[in-house]
Amino acid sequence: MTVRLEVRNVSKIFKGKTALYPLSLTAEEGECLVLCGGNGAGKSTLLHILAGISTPGEGAVLINQVDLQNNRKKYVSLIGYMPDEFAAQETMTVTEFLTFYGTFRKIAKDRVKEVIHILGLEEKKNELIKNLSKGMRQRLLFGQAWIAEPLVLILDEPTNGLDPYWINVFIDLLKKIKMSGTTVIFSTHMMDVAAEVADKIIFMENGKQMDTIINEHSNTKQFMVDLLNRYRKKQE
Ligand SMILES: Nc1ncnc2c1ncn2[C@@H]1O[C@H](COP(=O)(O)OP(=O)(O)OP(=O)(O)O)[C@@H](O)[C@H]1O
């Protein structure tokens, strides 16, 4: 397999305080990397850099050898990014919002309808975003990131606010998305979600990459128990 995403010694300092120490990682086609770690560990800081919305102090990010700093336009066309909350566009309807994002990426004619269907938002398709529940907003935000089927999906706490039914739908969907060759990187505090879909779990703490665990997907329950134990030890 060829390397799809490459992060080389990326770091970030805010007002003299290091939020992210030099961090390197790679992800292959169809691979899923999950970032775990406590509040303030640096997960969102790293995802913001990968999404091109924050400039690293040092280091480089590449997708299929396309360097974010040297060829931003091309790089951005290869990713889909789901932020951890809605910043604006609250006065658009569900359909308008997805059409807006899809139009940039020249998606197929029926793709908006398909995404609305898969994400269970048909009943709300003409509803304003500000009137959606938290979980519905999360599904819509995910839909906007995924609508053009990018090479790399970058998701910030995607299961936050989802009910158990939709967490399971999300897990199944991510497995299919991986099978199609998309590389996925996301942050979560849900160890069971990480255990189900991650190929590698990266533990972060105080801006540092503490540990990388390979998930063999052989015994998810046992893996989760081991994971929680390791995670607790890291927290001590
Ligand atoms: N814009 C900013 N200005 C100053 N400090 C920031 C900024 N953004 C993040 N930080 C700091 O960087 C550190 C890492 O924050 P980050 O949001 O990356 O953590 P996180 O792992 O995503 O946490 P959480 O699980 O709470 O979402 C924190 O100490 C945070 O206060």
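Which residues of H1 are buried? In helix H1, the buried positions are Lys43, Thr45, Leu46, Leu47, His48, Ile49, Leu50 and Ala51, where a residue is classed as buried if 20 or more other C-beta atoms lie within 10 Å of its own, as exposed if 12 or fewer do, and as partly exposed in between, with C-beta atoms placed from the backbone. Eight of the nine residues of H1 are thus buried, so the helix is largely enclosed by the rest of the structure. Glycine 52 follows H1 and has a positive phi, near 80°.

The structure is a predicted model, in which local features need pLDDT of at least 70 and side-chain atom pairs count only at pLDDT 80 or more, whereas totals for chains, interfaces and linings use all residues. Residues are numbered from 1 along each chain as its sequence is written.

The protein chain contains eight helices and ten strands, defined as DSSP runs (helices H or I, at least four residues; strands E, at least two) and numbered from the N terminus. Along the principal axes, the C-alpha atoms fill a box of roughly 45 × 45 × 40 Å. Of the 236 residues, 37% count as buried. Among contacts with a separation of 6 or more, 67% involve residues 24 or more positions apart, a contact being a pair whose C-beta atoms, placed from the backbone, lie within 7 Å.

The chain is divided into domain 1 (3–78 + 150–235) and domain 2 (85–149), with bounds that come from an automatic or database domain assignment. The C-alpha centres of the two domains lie 23 Å apart. Ten residues from domain 1 and nine residues from domain 2 form the contact. On the domain 1 side, the residues comprise six nonpolar, three polar and one charged; Ala, Val, Leu, Ile, Met, Phe, Trp, Tyr, Cys and Pro count as nonpolar, Asp, Glu, Lys and Arg as charged, and the others, Gly among them, as polar.

The ligand is surrounded by Phe14, Lys15, Ala19, Gly37, Asn39, Gly40, Ala41, Gly42, Lys43, Ser44 and Thr45, each with its C-beta atom, placed from the backbone, within 6 Å of the molecule. This shell has three nonpolar, six polar and two charged residues. Helix H1 (residues 43–51) gives the most to the shell, with three residues.

An open sheet of four strands has the order E2-E1-E4-E5 with antiparallel pairing, two strands being paired if DSSP finds at least two bridges between them. Strand E2 (17–28) and strand E5 (66–67) stand at the edges, each with a single partner strand, so one side of each lacks a neighbour in the sheet. Strand E1 (residues 3–14) is joined to E2 by eight bridges, and phenylalanine 14 has lysine 17 in E2 as its bridge partner.

Elsewhere, strand E6 (residues 79–82) runs parallel to strand E7 (residues 152–156), with four bridges between them. Methionine 82 stands opposite leucine 155 in E7. From E6, Ile79 and Tyr81 point one way and Gly80 and Met82 the other way, and all are buried.

Aspartate 192 is found in helix H7 (residues 191–197) and counts as partly exposed, with 17 C-beta neighbours inside 10 Å.

Note on methods:
Contact = placed C-beta atoms within 7 Å.
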